[in-house]
Every structure is written in structure tokens, then in C-alpha cells.
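User: I am new to this structure and would like to be guided through it by questions and answers. Please show it first.

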Amino acid sequence: MSASATFTAVTPLSSELRVKLENYRNLVLETGWDNTQNKMAVELDVFVGNTTIMDEEVYQLWLDGYTVNDAVKVRMEGGVMEECEASADVLLSDTMDQYRTFQMCERLLHSPSKLANQLLFQIPPNRQAMLIERYYAFDDAFVREVLGKKLSKGTKKDLDDIGAKTGVTLKSCRRQFDNFKRVFKVVEELKGPLVENIRHHFLLSDKLGRDYAAIVFFANHRFETGKRKLQYLTFQDFAFCAGQLISNWTVGAVDNMVEDMDVDLDKEFLQELKELKVLITDKDLLDQHKSLVCTALRGKTKAFNEMEANFKNLSRGLVNIAAKLTNTKDVRDFFIDLVEKFIEPCRSDRWTAADMRLYLTHYNNSAHILDTFKHQAVWDRYMVVIKSCIFKMYHD
Amino acid sequence: MPGKLKVKIVAGRHLPVMDRASDLTDAFVEVKFGNTTFKTDVFPKSLNPQWNSEWFKFEVDDEDLQDEPLQVTVLDHDTYSANDAIGKVYIDIDPLLCSEAASVISGWFPIYDTIHGIRGEINVLVKVELFNDLNRFRQSSCGVKFFCTTSIPRCYRAAMVHGFVEELVVNEDPEYQWIDRIRSPRASNEARQRLISLMSGELQRKIGLKVLEMGGNAVVGYLQCFDLEGESGLVVRAIGTACTLDKLSSGSAPNSNTHMHPNTAPASNACNSPSKDGKEPVFGEDLTSSSGPPTPFRALPTTSSSPPPFSPSKPCSRQSSSSDTDLSLTPKTVETVRSTRGIFLCPSSPTLSTDTLSLVGSGSVGCGHGSAPRATTPPPSSIPSDTVLLRKSVSFTEDLLLAASGMGSGGSVGKEAGPLKTLLRQQTQTALEQREFPFFTLTSFPPGFLLHVGGVVSARSVKLLDRIHNPALGNTRSYKLLDWNSVTADEPETRDAWWEEIRQEIKSHAKALGCHGVVGYSESTSICEEVCILSASGTAAILNPRYMREGCLDIGISDHRFEEPSPPSCGFCHIPYDELNMPFPAQLTYCYHCRRQKVPDVLFTTINLPQEAAVTGKGCLIQARLCRLKKKAQGEVNATAISNLLPFMEYELHTQLMNKLKLRSMNALFGLHIQISVGENMLLGLASATGVYLTALPAPGGIQIAGKTTGDLSNEHHILTIQKRINDTIAKNKELYQINPVELTEEVVGSPIPEPRQRSRLFRSHSESSDELSELDLSHGKKDAFVLEIDDTDAVEDIHSLLTDAPTPTGFYSCNTEIMPGIYSWTSGVQMFTSVRVFRLSNASLTNQGLNKIFTDLCENLLKSFYFKLRSMIPCCLCQLNFTVAVPEEELIQVAVTAVAMTFDKDQAQEKPADKPTTKGGSETEEQLQFPMELCADASSANTQPSSKISVSSLEHCSPLPEGRSRSLRSNRSFRGSPVTVVKMTPLSFLPGTRIIKYLGIINMFFIRETTSLREEGGVSGFLHTFIAEVFAMVRAHVAALGGNAVVSYSMKECMLMENPNKNQAQCLINVSGDAVICVRETDQEPNPSMTNIGQTCASGIDGAT
């Protein structure tokens, strides 16, 4: 059969095609998936199941940005060949097939709810969940690097550096970064609780939903996380803190039907925080507070002397952080301030984690006994977050 | 005006962005049927439009209803320029025309564009109202059911098997019309898709007419093929087996694996039978009640449900079913007379008993491989030239005559006498010989249908295609070889004559084997440029005439026989031909099972292994592969070269099969399919079959290697090593396939071959084999080992290739028949797949041996790939492995495979659960087979894929997702929460662990996909991968819209890929077919009553995910 004569001239590439072309070029460049190089001279090789066959191991390799050839190597070392008396060719062909399938699926994974009612691939629901969950999973090392950064093109350009630093392949970095950006864009416009929105729109598990909420929250406020002093903190530390901030300090903590309720901090609350300054500006109050705390702590900890000596400094630090939060810039420095003004002094005094707990608990509670201190509600709303953040952040 | 077609366009989703500026689309829909077009309003600025249109009504002839597809086009409205087409959906409304199939089509269909593929989905609702018209069915044949399944469909009983029906229609290929030079590829592809859709509709209608004429109501084993002859046109042809089927009430439908033992539950639920629900208003059954009770099942519950499905029942039950719309509507007076009680009683007169007796006595078995390739000779003048329609009607009247006269001898007048033995025998044969072609496309049969099997018969013919349809060029062609009447002859006539010639040949081969029928019959073509190879093959057999004739349905009579009946487990092996007058030399022994009749030493067939057959051990896939180079040539020279090569190829393939069979220590082949594909410079031959050890046949001898030159020590040593390897392999295979036959004292009976030892040698040199394959000595006795002579490098190569066939990995079995002999406990894991590989031959200096090696490796590697990919399903068996080879271009070899992997229970695999129909349901350990049909609501949480690999992940990912999803669906604007119905697909006629409760109609779809950005789509692999996935998706969507949840007897008949990587272009054509069904888990007693509404439920967007 001769080929028909019905082909017309190549039309200009649409944007969709351009993306495809890029994908394909990547595949070819990275894999040497080229007829000339393939000694098997297999011109075409496809396998399509009515139920889409997906190997989780290969999926992970694909997500991790392995090229086909590298993936084949990894699989060979993994011993999958012995399993079924397969040869390298078989493995290559299988890997290629799966990579193609994943590439075709990727478009759907960008809006996961489409995956459930698309018709192209017949994928059992639990497999769909796995695909989505893994696609949106990220490397803690990578996310730690971009946490708090603006999810912009500029940052995207730096991904190769981040990749080199964290040992994550560029392809995987891009996927993760694009995921962050996509989630950010979608939830930006939605009403309702942030975690729920993320979970429902992207069909993610609770854990992953919370992590994405943290990422979005950090990206929105551009919290500084990259300073050397903050390097010891993991993504999970920050994610926890973000969770605390979201559930206590945002607009959503009081009113749950506002736009951006979980992303924006409660401006009124931040204003009210200024009132707390009285705790350090009023000399009497400060002394009274100190004596109350010291009485409660006496004999309960080895670090008592350091606590007593540092009380005023530490209290000033915490209250000053609170008072400054109306400035966007100071919000960004929230974590670095916590570390510099509180965690570092305590650490140099060799407080244990238990000491920290004890101190903060009494520091918080004693303020309630101060009869001239009228801002109990604001104080609690502030301290509940500060306490749990510091507890989380106080480690090596 | 016999029909009103009503269409409603509900909504769209996931539409592509057509307006770059707004990133949205202003979509509207055109609904076209015949020449009438309706439009919906434009739904502006949305990718998920909600049209909710009015009902568009088309008033049309039912003839058009059968021929035309409903055409739904989605467009983007553009104020300033022409509207852009987004894509189309073709909906075949044929299933709605049959009372027992679907009643409504409703669901999401992928919007398909031949350039861009699937672009979103559209929700459509289609209904048909048929008006009763006394004059109807003049041209249309609504109501005739079609099945791709090559056995009696699971919820039917064959009241009568009428026989072979065939038809073909021809048209010009739009791709080769002059207009194609100026129109867009899209327009050309769409013209082609539409034309083929029209042609298949017309073909089906014409076949339906023939069936009605024969008095049947269904076509089973419907096989439709396309011959893209290029410039000479487009042929759509179909064959099938006309039957009269009675619907079994759903309560007593036979289950999938033990259909001999139907659940004989009381028919109290018969009136719930889905076919009746909601059908009455549409079809107006009461209007036809004059010829029978309006609701037969209710009226006669006991007769329709209690007898075993395939055993003949009393005339009255036949009567009850014949009151079904189909028969009563037939216009001919003869027909209506027939469906009255009086005539029915008449044929069951004593004459019938005599003819059934006759069959038994002569029973004996044969192995044969008749095959006679023929060159481009003009068709014999004896071939009748009357039209098909005429032919059929003639045979029909003969039928009647028979029934009336009670098998009078008049039937045999004018027919040449076959190898008849007795008068009685003669009578039974005449019954079949009345038919012009006593062929059956079935491959599995009701017990007792198949009496004896003779062997494989096949015929091939090489033809030159001529473009006679193009008046401008046709006359100028000079290479016209065939003696058609004239250039302007009606082409169907010509193609008809070609096939007729081949069928005659098949018929005479069967006769030579002493058989009066051919079962497992199929036809195929291979086209390269202007050369076309037509092939037909089948299995010669003697059939029980009681299914052939009306009135023979009385079980009591047919069971009385002169002689003791042959036991069902071995009867079919007994030779049908005369022992003293054998058509070919074979070594006969007494049957190892019953010891009464003679059996051959080897048996080849094209059918499935009969259920009742006794088998030792397990079976396995056996393939013979062959490449033959040929010189490039044109026209007649080319055709002659090809026809000269064919006999050698057949011979080689046969030898390979035989050797491989022996190597596996087996003695019979089932499902034999030999494909010979022609390319410009080579011929490819691929024979696939499933080898088994039939207990009734003698154990095969070993293979013995003989060197021609004696005295050479090193040579002797070499031979010894090879011999040892062969013996080892045989021993290993025996163990692998668990072949431990009970040793019996053997008694080789007098074979007509004087010196078996000498004759059993198979000569290797090509010069000694002649065109006449029937002269070949293919007999190998048990005592004589099969001798292979090593006299040249060829033979060494062959032996090597014999030994290099890799064994299947542990846990895997493979076969090309429906089910694996020796495995009886299927579990519910099913994975159907299609795989295509194209191999580019690197350089021109290839030898036959080199090519053979490449081809063999290609096939072997494919199999290895399957095993690897499906390893998570172990223990599993690849069933119905269907290989198709093609030579798309000069240096390309294409192999396409469609098969299904099915899991089975290893512990129970050994035993055949002979008389326990319930074991099947009980052994189903995996409860994952959840059909969302039953409750849409369950779908999102249900594990719908039962393969074991799924459970690996399901455990670790038990996230609370379903809950979350449902909420998101509600809160988000765009997505309507109808989970996609899971549709299973299988090339088999059943799904393990399930029961088919309803056949919804035939699926026969043809798609073209083309791209001008091949690289961007991931090269040819990416292109084809997407396309195949899209085809699957469209099949599933159509089935789901019919209310079904599975496709059985699925096959990909055509996958034609043309590529031009330099121009960044490719085009592919795919044709698939199958039967849409509703099936339920075997354990479920009755389908959920909500079943029939599923289509609407899903469609109307009720959030089912909660």
C-alpha cells in the first residue's frame, strides 16, 4: 500500500503541540530513543491494555526524572529481570511503554478531578489515587529550598541550581515546582478552608493537603526560610508552624466564608497585637510577670538561673515580634526573629526541650494573673501559636 | 414511514480551548441523520457546555435506520469566519432496532477528530420508535440479531442452525477519488469513515435479509472485513452463520464455564428478563401477536426455561419463541405458514429419527490437511453466476422441501455423490449438501453438534485487482487477467465469484475428507499493491443434522440410535472418512478412549477444543513462522511468483507445526490459523494453534535425527548432541504440560500404507514437494519416531529454530483458543490488550534464513514482553492470542497481537469440575469484580480491576479519597460527578466468574487517525499508542451508552499504519468489533432492577460518588 496523498503542509504549531514537542525531544535526547541508535531496529512498539497497566516502580522512576535508559538500569539492578526471565530489550520496551503512558496521563494529572471522569484510560479508582498522590508528592529537600520563595519564573530559572544542590533531577524539580504553582493558582481564587480546598480540588490525602497548604501559605507571605540560622529547620517543622498560623492567626480562624480566609493573616488581630507591648513597656507589669513566672519555675528546672536572668530579654523579644507583625516585612522575618530572639538565647543557655515547655507554659499562664493586663484573648491567640512553633522549632 | 429517531444533546465536557483569546469555546452541535440536520444553540464561553437541547426527531425508513450512522458534530461558533469543527461522534443505532438488545443509547461519547484524536466528551441521548408497517422488511431486516461470538451466545438456545450467509458490497475508496486532491485530510478521512460505516450498515442489512429468508432470526459468528484495494476500490464483506435462537429466561441462563449445566431455576423471574423491560412501548409487540402469544416466556415458562439450553426442546417451545417479533414479521407467506403449529409438528416425523441413526455407525476420525493453493486461473465455468440473493432463495426452498417430504431423496438430485457409505449416511449428508455451502463460522458448538472431525481444509487464491470502477482509467488498464464479462462488470459480482470459487474448493476438500460440513470457517485477504491473496480455511466435519432441520428437535428421538453412540469425550476424533478409501495416507489406531472406532495419529482443526473432549495435561501455543523473499515484480508475473511460492510455504509451515507439536509431545492442534501476508519483496507466513494431548489419540512418537552422510565422526557426534537435546526437550515439555497419558497396550491397526517406516520420513528438500499438498505424506506412527534428516545447513537451522522457542515462564500459559485445555478454575482477573510492533529490516542482503530468524525473534520477543508486563497476574493464561502479520512497506514487518490474560486458581487448575456447575461461583476468591452497573454509587470506591497487582497498591493507599472527591465535585463548578462505567473487554465469548444476562448488539467500529505532527506526538509509537487507547475508549463509551459493562468476542480486524517520518506524517486505520453485553457476577442471582436505568442515571449527572 502506498501512502496516501492526502497529507497537507505542516501547519504552524499550536501551543499544545509545542509542549508535546518539547516532551518528545526530551524523551529522545535523554534516552537515545531513536531508530538509528536502536540496534533492535524496532520501528514501533506499543502495548495498550484495556485497563491501563502501570508499574509503580517505573512510575516513581519517571517522577524522579530518570531517563528511560537510566530507569532500565535501575530496574535491572533491582532484579526485576529474574522475575520473569526477561531480557534487557523486554525491559526497555516495557519502560518505554510506561513512560509514554505516564506522559499521556500527565495532562490529566494537572487537574486530577478530570482523571476520574476521563474516558481515555481505564484506571481503577485506587490506582488513580495512587497516581495523583505520587504525582503531587515532593522531595522535602527540594521544597525546603523553594519554601517562602515567590513561585515565579525567576525562581523557576534557578531550579537547576536547586536541583544540583539537593540531588533532585531537574525534571523532577520542574514537576514539583509546577505543582506548587498550580495549586497556588487554583486555591488563590477559592473560598473556604485552604486545606479542604486543596484536598478536594486535587484529590490529595489529608497529609499532602496540609503540606500544600503550608507551601501556599509560605509562598503567599514569602516567609524567610533560607537564612543560615534557619537551615537546621526541616520542611516538616515549617509545615507544622504554617498549620498553626493558618488555624489561629488567619481570617479563617474567626470567619470561615471569606475569600483567602486561610491565606491572609487577620489584620485586626495583628493590630491588636500592638497592645501586648504593655507587657514590656510597663515596668511594673514586666516585674510582676517575671516574679510570677519565677515563682512557678523555682526548683523545677536546672536552668532556673538562666531563665530568671534572661526573662526580660526573652519577654521583650517575643512581645516585640508580636508588635511588629503589622509590617509585611516583619511578617516575612517571623521565623528568623523567633530563632534569633528566643531560640538561640535559650539554646546557648542549654535549655532542654522540657525546660522550654515549662518556661513557655508558665510564661503564657502567668500573664492571665496580671490584674492590669487586659488583653487576655489576644495574648492567648498569639501565644498558642508561638508556643507550638517554638516547641517544634526547638531542636538541633 | 416506519421509524422515528429521537436525539437529545445534553451536555459536553472537557472541550478543547478553541478561542485562544478567552481560553474558552463557544460550542454548538449539529446532529445529522441521512440528509437531515439539526443544530443546537450555541453555548457561549464554556468548556463544559450544557445544551439540554430539545428532542431532535428524524422520520426515516427503517432501511436507512440500518444503513446510516447518526452523526453528531461538535463545532465552535465563530462570528467572523467559518465555524471550526471540534470533532465528531458516529453512533450506530442498529442495537436499538432489535427488541432484545438495547432500548436507549445514553452516555458520554468521546468527541473524535481524525487529526487531533479525542477532544472532550459529549452526552447524547438516542431513542428509536418503530412503527408497525405490514410492508416492512422488504429491504430492511430490523430485528435480526448479530453476534461476533463464534458459539451460541450464552443466554440463547439454538433452535436451529440454518447455515452460511455471506455478502459483500463494493464502493470507490474516497481516498482515491479525484476530489481527494483538493480537500483536506480531515474531510477525506471523515468521508471514508462515514462511507465504511454506511457500507457496514448496508452489508448487515443485506445479510439480515438473507437470514430472514432462511427463516432464521440471528447471525452468529458474524465476521466482517474490509479490503482496502486502493485504486480499485473498497470491499466490505461479511460471513456468518444464520441461526434461529431462542432466548433463555435470565434465571436459567447458562453460566460461563459450564454451559452444559444451566441453573434450572424456576422461571418465575422470566418476566423480569431485561429484554422485555421498557421495550413494549417501543416495539409494539402486541401488534404482531396474531402469530403467537404476545409474551411467550410468561405464557410458557416451563418449556422455555427448563430444558438444557442446547438440547432440543419440544416443538411448542419453539413455537413460543417464534412468536417473537422477528419471525412473525417476515413478509413471505411461506414464512408465516412455517411459524404456525401445524407445520412444526410435521417435520418431527419418524424420518428424522432414521437420519440421526445413520450418523453414528460411520463414525471414525481423520487427520487431514487439505490445501490447494491456486494461481490466477479464471474461475471455473461451472460456478453459478446467479446473484447471491437468488442462490439463497433456491437453497431455502430446498430446505422447505426437505422438511415437508421428510428427507426425501430428491434433495440429493443434481449433487455429486460424496464418499458415501450407506444410504442412511447419504441421507444425513444430503441435508447439508442442500445448502450451497455447508459452512459454519462457529468454533464452539453445543454438545452433540459435532460428530466427527476430518481435519483442516484450506484454499488460497492469488488475484490481480483491477480498477474497474473508475470509468476514466478502467478501460485503459492492460493487465486485466481475469475473464470477467467486461470491464464495466458489476464489481461485487467479480469479488463474489472469487470467493465462490474458493468456497467451492473448500467444499470439495471437505468432501474428500468424507465430511459434509465445514466448521470454524473463516476468510481473509492480504493485499499488496494490485495483488490480492484470498484465503479461506475451516475444519471438515460431520455434524449432527438435528440442528440443521426443523422438527428434529425432539430429544427422545435423536437419542435412539442403531449403534451405541460414541462417547462425547472422544467421538469427534473418530475418522469420518472411509478407512479403506482414505483421502490421504494416515496411520489409524483404535481410539484410546473407547477402543471402538478408529482415530488418526494427529488431528488438526480450526475450532476450539470441544468442552467434552478428554485431554491429558495442559495445552500450549504453537506457532510456525516463515519468511520467504521474492523478487519484486508487477502484475501477472508477480501474481505467478506468489502463487508458486504459496505451496512451499504451506508445506514448510505444516512441517514446522508438526515438529513443534511432536517436540511438546502432543497430538492435536486446535484453533489453527494460518496467515500468509504478501509484501513487495517477501511473503510472511504465520501459523498459530493450540497444541493439546487428546487422550483418545495415540501418543506421538519422538523426533529422530538422521544424518545423510554417514561415517563422518564429528558429524555423528553433532547429531547425537542434537538428538539428546531434542529428547531432553520433549521430556521437559511432558513435565511442563503435565502430559502423563495412561499407558495402553497399543495396537496399530492395518494402515493402508504398505511400508510405514519408509513413508513416514519427511523429505526436507524442496524439490520433492509438489504443488499438491494432499500427496504429501504426513503420517507418523507411534512406533516410528519422526525422522528429521540433516543433510544441509537448512535443516540444521530448522532444528535450531525448533529448539530455540523459549518456554513460557513459570506461572504462565498461553493458547490461541478460547480457553486453555487443562485449566478450569478461572478467577475474575481479566486484562485484554493490543500490542503492535513494527520491525525495520536493516539491509537488503537478507537471506531466507536470516529473515526467518528475525521474524521468529520478533514473535518470541513479543510473547516475552507480554509475560513480563503481565507478571503481576501470575498464575495466568494468555488466551485467544491472535497474531496478525503484515508487510506495510518494503522493509517493514508488522505484527499486531490482541489477546486476553486471565487469572486462574492454581490449586484447582488440575481438576475439571465436571458436574458441579456451582463450583465456579464458589471458587471465585476475588470479590473485587465490582460492576458499577449495579450501583453507580459504588463505582468510586469499588475496586474495579480485579487483577492481583492492584491489591498491592490498594493496601498502602487507602486514603480517604472517595469522600473527599465527592465533596470537591460538588463544590467545583465544572465536573459532573458521574463516574465512568468500567467496561471490560475480552476476545473470548465470556468473562470468567460472570454471567451474561443480555446481549446489547454488535459493536463494529472503524476509525482513521492521521497526523501531520508525528514527532510532536511521540513518533510512530506515541501516535499509535494514543490511537489504540482512543479506540478502546470509544468502544467502551459506546458499550456503556448502550447500558452494557463488557465487550465479548472483541477483535481488532484491521490495523493499517502508514508513516512518512520525513514528512512528519502518519496515518492509521483501525477496525474493531465485538458484542456489547451486560454481565453480572455469577453469584448474583438477578440483575439489580435499576440496571436498565444506569445509562440515564450516569448521564443525567447525578452525583454518584457519595
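User: Into which domains is chain A divided?
Analyst: This is a predicted model, in which local features need pLDDT of at least 70 and side-chain atom pairs count only at pLDDT 80 or more, while totals for chains, interfaces and linings use all residues. Residues are numbered from 1 along each chain as its sequence is written, chains are lettered from A and ligands numbered from 1 in the order in which they are written, and side-chain values use heavy atoms, with hydrogens and water left out. Domain bounds come from an automatic or database domain assignment. For chain A they give domain 1 (15-135), domain 2 (137-265) and domain 3 (268-393).

User: How many residues does each side bring to the contact between domain 1 and domain 2 of chain A?
Analyst: Contact means heavy atoms within 4.5 Å. On that basis, domain 1 of chain A contributes 12 residues and domain 2 of chain A contributes 13 residues.

User: What area do domain 1 and domain 2 of chain A bury between them?
Analyst: Buried area is the accessible area (1.4 Å probe) that two parts lose on being put together, summed over both. In domain 1 of chain A, the residues that lose the most area to domain 2 of chain A are A:His110, A:Glu133 and A:Tyr135, together 38% of what that side buries. Of the area between the two domains of chain A, 46% is on carbon and sulfur atoms, and the total is about 1200 Å².

User: Which helix gives the most to the side of domain 1 of chain A that touches domain 2 of chain A?
Analyst: Helices (H or I, at least four residues) and strands (E, at least two) are DSSP runs, numbered from the N terminus. At least two residues of this side come from each of H2, helix H6 (112-117) and helix H7 (125-136) of chain A. The most, 4 residues, come from H7(A).

User: How many residue pairs are in polar contact between domain 1 and domain 2 of chain A?
Analyst: A polar contact is a pair of N or O atoms within 3.5 Å; within protein, one must be able to donate a hydrogen and the other to accept it, and residues adjacent in sequence count only if both atoms are side-chain atoms. A salt bridge is a side-chain nitrogen of Lys or Arg within 4 Å of a carboxyl oxygen of Asp or Glu. Across this interface of chain A there are 0 salt bridges. The polar contacts, with both residues at pLDDT 80 or more, number 9 residue pairs.

User: Which residue meets A:Asp266 in a salt bridge?
Analyst: Over all chains, the whole structure has 47 salt bridges. In the pair with A:Asp266, N to O is 3.1 Å, and the partner is A:Arg381.

User: Where in chain A is confidence lowest?
Analyst: pLDDT is the predictor's confidence in each residue, from 0 to 100. Chain A averages 83, whereas chain B averages 69. Within chain A the highest mean, 94, belongs to helix H2 (residues 56-63), and the lowest, 52, to helix H1 (residues 15-31).
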